[in-house]
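Subject: The structure, and what turned up in it

Hello,

Here is the structure I promised to pass on. Please have it open while you read, as my notes follow just below it.

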Amino acid sequence: MLNAAIAGSIFASPPPSHILHALKCVSINNNAGTLVIIPNYTGDCLNFGIAIEKAKVLGIKVNEIIVEDDCSIPENELGRAGRRAVCGILFIMKIAGALAQRGHNLEEVTKFAKLVLKNIATYGVGLTACSLPGKGLMFEIPEDEIEYGLGVHGEAGYERKKLQTTNVIVSQILKKLIETLSLQYNDSIAIIVNNFGGLNQLETGIVVKEVVTQCQLLGIKPVRIYSGILMSSLNSSGVHVSILKLPANEEKEIINYLDDPTEAPQWPGKSYTIPSSKREKFSVEEERVTFNKLGKKFNKHEERLFKECLLNASKAIIDKENYINNLDSGCGDGDCGSTLKLLADAIVMSIEEFSLSHPASVFMKLSYIAEEKVGGTSGALYSLMFTLSAKEIANSDNENWPQLWHKAWRMAINGIMKHSKARMGDKTMLDAMIAGCSELEANLSLPVIETAKIVEKAVKDGCEATKNMTPKAGRASYVKQAEFLTQVDAGAYAITTWITAIVNTILNFK
């Protein structure tokens with residue numbers, strides 16, 4: 001990309017003597033000359049200009065290009081200095097460097113770099129300002145607002161708006177970029193999504209995906225996209241989106257120059273290329289699984305109660321999604337509630353397709369949903385529970401329903417202990433499940449309503465007991481900081497949530 005880069009102090013231009021030294025170094029055994037790429041800031045233009053004039057006096061052949069790609073400030077409001085240089089300058093560096101490496105002369109490299117410059121625009125947004133080392137934030141942005149038109153030197157942006165969703169923010173960025181470059185349907189582009197330095201990979205990835213998706217919906221073709229911390233603003237949380245319009249006559253050339261190898265360590269290379277829309281598309285139809293009507297059958301009253309229990313248990317999990325996620329944070333990955341909500345949503349959406357008269361068939365269907373739609377540890381555990389429960393119910397026709405539910409529940413618990421190595425007292429969902437199942441077994445002779453109340457209390461007590469336990473199974477067993485281990489286990493709380501909903505359904509069903 002570059003033979004030399006000259007850095008000043010933080011957010012400051014380097015002095016002319018440093019720039020001149022670099023020019024002298026790269027001119028050794030170099031009769032072809034040097035292209036100096038200057039970001040359009042007053043200090044840079046002055047100091048680089050002084051160094052270039054001194055270099056020419058010494059007989060060094062130098063051309064220059066001043067890059068100005070920021071389009072956040074309307075033309076009629078620009079000062080004499082003109083547009084700032086932001087991360088679009090990287091396109092100039094990469095393409096000019098590739099041309100030079102291929103042996104083009106200085107005039108050809110300069111001319112092509114200027115063509116590229118005419119087709120670049122950049123727009124930035126930020127959630128926070130940066131802070132100089134050892135100092136506070138350079139300015140404050142309220143938590144419910146976002147700054148549009150940020151540069152990279154810690155200065156405030158052009159305007160401030162209320163914070164909105166990513167797709168709205170990206171659409172506003174793209175609107176300005178499209179207007180600036182006069183992009184039209186079927187135009188090809190290359191994109192840089194530059195992380196200011198304070199965003200995490202997930203947040204940057206969300207922006208990248210949204211930029212590509214919205215461009216494609218507009219009929220604009222992203223053929224290359226690069227992302228990362230490429231031109232930072234220290235610890236500021238924000239992004240620059242830079243677009244290079246690929247003129248039809250030069251498109252293949254520019255792509256080749258972008259793809260040329262470089263040893264510049266931070267250039268993302270061509271690993272973020274966008275698949276061509278002309279490539280053959282493959283579609284896999286969703287597998288349709290049907291289950292025969294297995295095992296003991298419900299009467300109409302029991303069937304209606306079963307359906308209500310499934311619906312109410314699912315709705316209870318959906319309502320508690322965020323709370324269960326919070327319980328799972330710190331000692332887990334914070335998604336237990338969201339994962340179980342996937343299962344609950346799928347049950348609500350597809351319950352009319354269930355063979356509700358045959359609970360074994362329903363549990364086989366639930367096992368499939370947990371496996372295919374949920375995934376992860378929670379999906380595997382619930383799939384295993386449903387499979388083993390279905391097996392027990394399908395193979396038992398003579399027991400009354402309370403006895404059969406107990407056997408199915410016990411079978412599910414035994415399966416979890418066999419395959420997960422977890423035991424009661426390990427601060428897992430088993431602490432609630434085993435407590436409830438044991439009370440069900442001990443009180444089978446009581447009326448169903450009384451048994452249900454006892455089971456509910458046992459499950460809640462089992463869940464509450466996990467507060468004082470040290471986790472010995474699952475991801476939480478690797479966490480040793482005490483502050484993350486003082487709440488009830490998320491899985492046990494989820495079990496308590498849907499069992500409580502089932503008990504309340506039984507108590508109020510008519």
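A polar contact here is a pair of N or O atoms within 3.5 Å; within protein, one must be able to donate a hydrogen and the other to accept it, and residues adjacent in sequence count only if both atoms are side-chain atoms. The model is predicted, so local features need pLDDT of at least 70 and side-chain atom pairs count only at pLDDT 80 or more, while totals for chains, interfaces and linings use all residues. Residues are numbered from 1 along each chain as its sequence is written, and side-chain values use heavy atoms, leaving out hydrogens and water.

Let me start with Arg 84. Its side chain makes polar contacts with the side chains of Asp 70, at 2.8 Å, and Ser 72, at 3.4 Å. Arg 84 lies in the loop between strand 2 (62–67) and helix 3 (89–101); helices (H or I, at least four residues) and strands (E, at least two) are DSSP runs, numbered from the N terminus. With a relative accessible area of 13%, Arg 84 is buried (buried means under 20% relative accessible area, exposed over 50%, partly exposed in between, with a 1.4 Å probe and protein chains only). Not counting residues up to four places away in sequence, Arg 84 touches Tyr 41, Leu 150, Gly 151 and Glu 155, among others; contact means heavy atoms within 4.5 Å.

Cys 87 sits in that loop between strand 2 and helix 3 too, and it is buried at 0% relative accessibility. Beyond residues up to four places away in sequence, Cys 87 touches several residues, including Ile 192, Asn 194 and His 240.

Ile 192 and Asn 194 bring us to strand 6. Because 8 of the 8 residues of strand 6 (residues 188–195) are buried, the strand is largely enclosed by the rest of the structure. In a regular strand the side chains alternate between the two faces of the sheet. Here Ser 188, Ala 190, Ile 192 and Asn 194 point one way, and Ile 189, Ile 191, Val 193 and Asn 195 point the other. Strand 6 runs parallel to strand 7 (residues 221–228), joined to it by 7 bridges (two strands pair if DSSP finds at least two bridges between them). Ile 191 stands opposite Ile 225 in strand 7.

Helix 8 gives the most to the lining, with 9 residues.

Best wishes
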